[in-house]
Amino acid sequence: MFLIILNAIFCLAFLSFAYVNLNDSDAWLWVSIYLAVTVCCGLFVFKLYYPKIYLSLIAFYLIYAIILFFGKDGVLDWITKYKTPSIVETMQAEKPYIEKTREFFGLLIITGALTIDYFAVKFWL
């Protein structure tokens with residue numbers, strides 16, 4: 001029962017994240033990313049589980065997160081070069097590292113949700 005509620009919350013949260021990314025310049029990418037995990041969490045609620053899709057998405061999201069971490073003005077630069085200033089003061093990404101750092105942490109959240117489902121399925125189904 002806990003996993004059903006958790007995945008329903010994930011589904012609604014990721015759907016709302018997809019919605020707020022509609023006006024972004026790279027909306028095609030981020031709406032797709034959030035909708036893919038929304039569908040996975042929504043299907044999980046109805047006991048539909050596709051491990052190969054989960055592993056594929058987890059791999060893609062982790063590779064993309066690594067790219068954002070080490071890329072120019074990425075998370076590593078935010079930590080070392082810019083000394084970790086706040087990335088949540090305003091919704092506008094006024095500095096180059098803000099967008100990539102936020103995207104990195106979004107990918108980690110998504111990967112965490114998919115990983116929970118991937119491993120918890122043994123106890124649920």
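Figure 1. Asp73 is buried, with a relative accessible area of 9%. Buried means under 20% relative accessible area, exposed over 50%, and partly exposed in between (1.4 Å probe, protein chains only). Lys72 counts as exposed, at 61% relative accessibility. Asp73 forms a salt bridge with Lys72, and the closest N and O atoms are 3.4 Å apart. The rule asks for a side-chain nitrogen of Lys or Arg within 4 Å of a carboxyl oxygen of Asp or Glu. By this rule the count comes to one salt bridge. Side chains of opposite charge can pair when their charged atoms come close.

The model is predicted: local features need pLDDT of at least 70, side-chain atom pairs count only at pLDDT 80 or more, and totals for chains, interfaces and linings use all residues. Residues are numbered from 1 along each chain as its sequence is written, and side-chain values use heavy atoms, with hydrogens and water left out.

**Figure 2. The chain as a whole.** The chain has five helices and zero strands, in the pattern α-α-α-α-α along the sequence. Helices (H or I, at least four residues) and strands (E, at least two) are DSSP runs, numbered from the N terminus. The C-alpha trace spans about 45 × 25 × 25 Å along its principal axes. Of the 125 residues, 41% count as buried. The accessible surface comes to about 7,600 Å², and 74% of this belongs to carbon and sulfur atoms. Areas come from the Shrake-Rupley method with a 1.4 Å probe; for residues, only the protein chains shown count as cover.

**Figure 3. The largest nonpolar core.** This core has 36 residues, and those with the most contacts inside it are Phe14, Ile33, Leu107, Ile110 and Leu114. Two or more residues come from each of helix 1, helix 2 (27-45), helix 3 (51-70), helix 4 (75-80) and helix 5 (96-124). Helix 2 gives the most, with ten residues. A nonpolar core is a set of buried Ala, Val, Leu, Ile, Met, Phe, Trp, Tyr and Cys residues joined through side-chain atoms within 4.5 Å. Leaving aside neighbours within four places in sequence, Phe14 is in contact (heavy atoms within 4.5 Å) with Tyr34, Val37, Thr38, Cys41, Ile109, Ile110 and Ala113.

**Figure 4. Aromatic pairs.** The whole structure holds 17 aromatic pairs. Rings of Phe, Tyr and Trp (its six-membered ring) pair if their centres lie within 6.5 Å; planes under 30 degrees apart count as stacked, over 60 as edge-to-face and the rest as tilted. The Trp30 and Tyr34 ring centres are 5.9 Å apart with planes at 45 degrees, so this pair is tilted. Both residues lie in helix 2, four residues apart, about one turn of the helix. Both Trp30 and Tyr34 are buried. Phe104 and Phe105 form an edge-to-face pair, 5.2 Å centre to centre, with 75 degrees between the planes. Phe104 is buried at 11% relative accessibility, while Phe105 is partly exposed at 34%. Ring pairs also link Phe10, Phe14, Phe17, Trp30, Tyr34, Phe60, Tyr61 and Tyr64 into a cluster.

**Figure 5. The surroundings of Tyr118.** Tyr118 is found in helix 5 and is partly exposed, at 23% relative accessibility. Tyr118 touches Tyr49, Pro51, Tyr54 and Leu55, not counting residues up to four places away in sequence. Tyr118 and Ile58 are 60 residues apart in sequence and 9.7 Å apart in space, C-alpha to C-alpha.
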